[in-house]
Amino acid sequence: MKNPTLLQTLCELSGVSGYETEVLRRIEREIAPFCDDLYYDRIGNLVAFKKGLHGSCGRILYSCHADEVGFVITHIEEDGTLRFDEIGMHPRVFCGRKVLIGNQRIAGIIAAKPAHLVKGDERETIPACEDMYIDIGAKSRAEAERCGVYADYAVFAGAFCKMGPHTYKAKAIDDRIGCYLLCEKLKEPLLYDSYFAFCVGEELGLRGSPTVARSLCPDLCINVECTTAGDLPEITDYRRTCSLGGGVVLPFMDGASIYTPALYRAAYDFAEQKGIAVQTKTAVAGGTDAGAYQRAADCGILGIALPARYIHAENSLFDERDIQAAERLVLEIDELLPTLVTLAKGGNA
Amino acid sequence: MNQNNPLIEKICELSEHAFVSGNERAFFTYLKENFSHLFDELSTDPLGNTIGVKHCGKPNPYKLMITAPCDAFGFIVTDLEANGRLRLHALDSRRAFAPLYGKIAVCDQTLGVLLSDKDPNDCGADDFYLDCGAKNAEELDTLSIKRGAFVSLCEGIVRIGNTSCFYGKENTALCSVLLETAQSVRDCAVDLYFVFAAQGRVGARGLRAAAALCPDEVLSLAVYPEKRAKSGTGAVLAYADSACRADNTLTDALLETAKRSEIACTPFADVFKTLPSSTDALCAVGARVGLLGVAAEKPNSVCRIAHDDLSALALLLREYIASFGKN
């Protein structure tokens with residue numbers, strides 16, 4: 001991995017959908033010296049442009065999303081506990097987790113009725129969001145407000161660290177890995193003029209990317225993402241989708257799009273020829289901004305993804321060898337851009 | 001009537017091919033080779049829509065779009081399993097169980113039988129596999145099949161009297177109506193955009209991209225389930241689908257056209273909520289949207305459509321376009 005410090009920094013920032021400023025400002029600082037143009041659009045996406053050594057070979061867009069899953073505080077109870085709603089998650093990953101609230105990073109624990117007091121059917125079910133609360137240790141509403149809690153957001157507090165010889169854990173690797181890979185790419189000389197979009201609101205339902213699609217009208221969009229790896233004991237065969245250590249993922253389909261078949265095939269062959277470890281997804285799961293680009297800009301779409309276990313939860317696991325493969329592919333794919341643009345303009349062959 | 005009906009002949013011809021969702025480039029190639037003479041321009045876009053245009057030659061012409069989904073039901077290969085099976089994902093889970101035990105083909109080459117370990121009624125989109133005779137991964141390797149390959153049904157259509165059963169290819173009937181309409185219209189006073197929309201079965205995605213053409217008016221064609229509309233009652237006019245309400249004045253104009261020309265036509269007030277639709281994207285660019293089509297018996301399995309209904313639909317389109325006058 002070229003720059004683990006940057007990846008750690010990006011993962012540890014807070015950027016729940018709708019509150020991406022902290023992440024975007026950090027990215028802006030990181031890439032500003034390397035861009036020919038850099039701006040925020042009206043919805044809040046950060047868009048960069050960098051000239052290539054050979055000029056233009058079509059309108060090329062690299063895209064990732066800066067937001068992460070998390071919580072919004074909806075109400076402060078009289079007893080000082082906080083009611084919340086989730087963004088992009090399932091309640092099964094909530095209970096007992098530490099969260100950080102707002103810009104002040106007030107620590108709290110997501111809690112529900114304790115196990116000792118749960119009876120009957122309640123023991124077999126996962127509490128719904130409305131049956132849980134965040135406990136920040138405040139004794140009253142007034143005390144919570146004095147701590148600085150208001151209508152605010154919260155993120156998981158999962159720390160970035162290495163586990164075992166090749167594995168890391170972090171929160172928000174979906175999609176800070178995309179932000180990281182595009183930041184690193186922008187620092188290198190490019191062969192062809194390219195746009196880079198760091199989008200907002202993906203976890204809310206692909207909300208930021210259509211604005212980029214309509215304003216830039218790309219011929220080709222390369223969407224850099226994180227994807228779910230299901231190489232777990234209870235998941236067998238094709239349901240595993242993809243595996244840690246299996247290489248960078250090139251998907252041919254997900255819940256939001258069928259990636260342009262010719263682009264998928266060309267990129268897969270390119271990666272194999274280059275000796276880059278590559279895999280695809282063996283089950284159709286999830287959905288990304290690529291679908292929004294395909295529909296809003298009617299452009300060719302290619303997905304590049306890092307496999308990670310337990311995404312949309314407090315801690316995700318990922319393999320540094322997959323990151324190395326993704327770094328190589330994202331950097332070296334410049335060589336393939338003229339071919340990809342030609343294929344993209346030719347329809348979904 | 002079928003023997004010399006050019007519309008039914010077109011349906012039979014198109015149904016010999018399968019253009020699975022996501023792989024509609026083959027549809028464009030086929031149209032370009034066989035029907036490009038019907039249009040002034042024929043092109044495809046990156047998502048896979050095929051767009052045929054007939055220009056009227058006027059400056060700033062009125063744009064009338066007629067659109068129908070062009071994709072056939074099929075599967076995509078998601079995994080090559082150690083036991084020699086090909087794991088498949090159904091591209092439209094509403095009808096996925098229907099072709100079980102039928103003959104299917106990967107990339108129009110490798111043939112096999114569609115199977116599942118589950119009861120047909122319990123099958124989800126990922127519960128299918130193809131047995132193509134390979135006993136293990138090594139034998140599968142020799143077939144050079146890759147993940148992401150498209151899989152289509154081998155069955156064409158079966159004609160029963162004055163009806164046809166389509167087995168996942170009913171969109172070919174609508175596309176044939178579009179082709180028949182394009183052939184019949186000459187010297188129209190408006191620009192006609194015939195959009196054969198891609199990825200209709202996986203969320204009506206093509207229509208969303210086609211909205212970029214910014215039409216003034218759209219006639220969106222669909223096959224409606226017979227539970228709501230009745231087969232054999234002519235063309236169907238819907239007042240709403242799952243994404244938008246049809247434009248009232250446009251619907252009235254279509255009804256008036258049908259009445260004047262004595263074309264069998266049935267209006268339906270029901271909302272066809274089960275049909276994925278993206279007509280809201282067309283409304284969003286300011287187009288007036290009309291919803292019409294034909295009714296089908298058992299749309300999620302054999303999908304039986306009456307030929308007379310298709311003929312009525314084609315006739316209604318022709319007469320409606322004619323109502324704009326000639327150049």
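**Cavities, interface and pocket**

Mentor: Lys2(A), Leu181(A), Glu184(A), Lys185(A), Glu327(A), Val330(A) and Leu331(A) line the second largest cavity. A cavity here is a set of points on a 1 Å grid over the protein atoms alone where a 1.4 Å probe fits but cannot get out, and lining residues have an atom within 4 Å of a point. The model is predicted, so local features need pLDDT of at least 70 and side-chain atom pairs count only at pLDDT 80 or more, while totals for chains, interfaces and linings use all residues. Residues are numbered from 1 along each chain as its sequence is written, chains are lettered from A in the order in which they are written, and side-chain values use heavy atoms, with hydrogens and water left out.

Trainee: Which helices supply at least two residues each of that lining?

Mentor: They are α4 (173–186) and α8 (320–332) of chain A. Helices are DSSP runs of H or I with at least four residues, strands are E runs of at least two, and both are numbered from the N terminus.

Trainee: How do the lining residues divide by class?

Mentor: The second largest cavity has three nonpolar, no polar and four charged lining residues. Ala, Val, Leu, Ile, Met, Phe, Trp, Tyr, Cys and Pro count as nonpolar, Asp, Glu, Lys and Arg as charged, and the others, Gly among them, as polar.

Trainee: How much space lies in it, and how many cavities does the search find?

Mentor: The second largest cavity holds about 40 Å³, and the search of the whole structure finds two cavities of 30 Å³ or more. A volume is the space filled by probe spheres set on the grid points, which are joined across faces, edges and corners.

Trainee: And what of the largest cavity?

Mentor: About 80 Å³ of space lies in the largest cavity. Its lining includes Glu68(A), Phe156(A), Lys171(A), Asp174(A) and His312(A), and by class it has six nonpolar, two polar and three charged residues.

Trainee: Changing topic, how many residues are in contact between chain A and chain B?

Mentor: Contact links 28 residues of chain A with 29 residues of chain B, counting heavy atoms within 4.5 Å. The buried area is about 2300 Å², with 57% from carbon and sulfur atoms; buried area is the accessible area (1.4 Å probe) that two parts lose on being put together, summed over both.

Trainee: What is the salt bridge count between chain A and chain B?

Mentor: The count there is one. Asp269(A) pairs with Lys146(B), their closest N and O atoms being 3.8 Å apart. The rule asks for a side-chain nitrogen of Lys or Arg within 4 Å of a carboxyl oxygen of Asp or Glu. Over all chains the count comes to 31 salt bridges.

Trainee: Which residues lie nearest the centre of the second largest pocket?

Mentor: Arg265(A), Ile145(B), Lys146(B), Arg147(B) and Ala149(B) do, out of 27 lining residues. A pocket is an open set of grid points with protein on both sides within 12 Å along at least five of seven lines. About 540 Å³ of space lies in this second largest pocket.

Trainee: Which element gives the largest share of its lining?

Mentor: α6(A) does, with six residues. By class, the lining of this pocket has 15 nonpolar, six polar and six charged residues.
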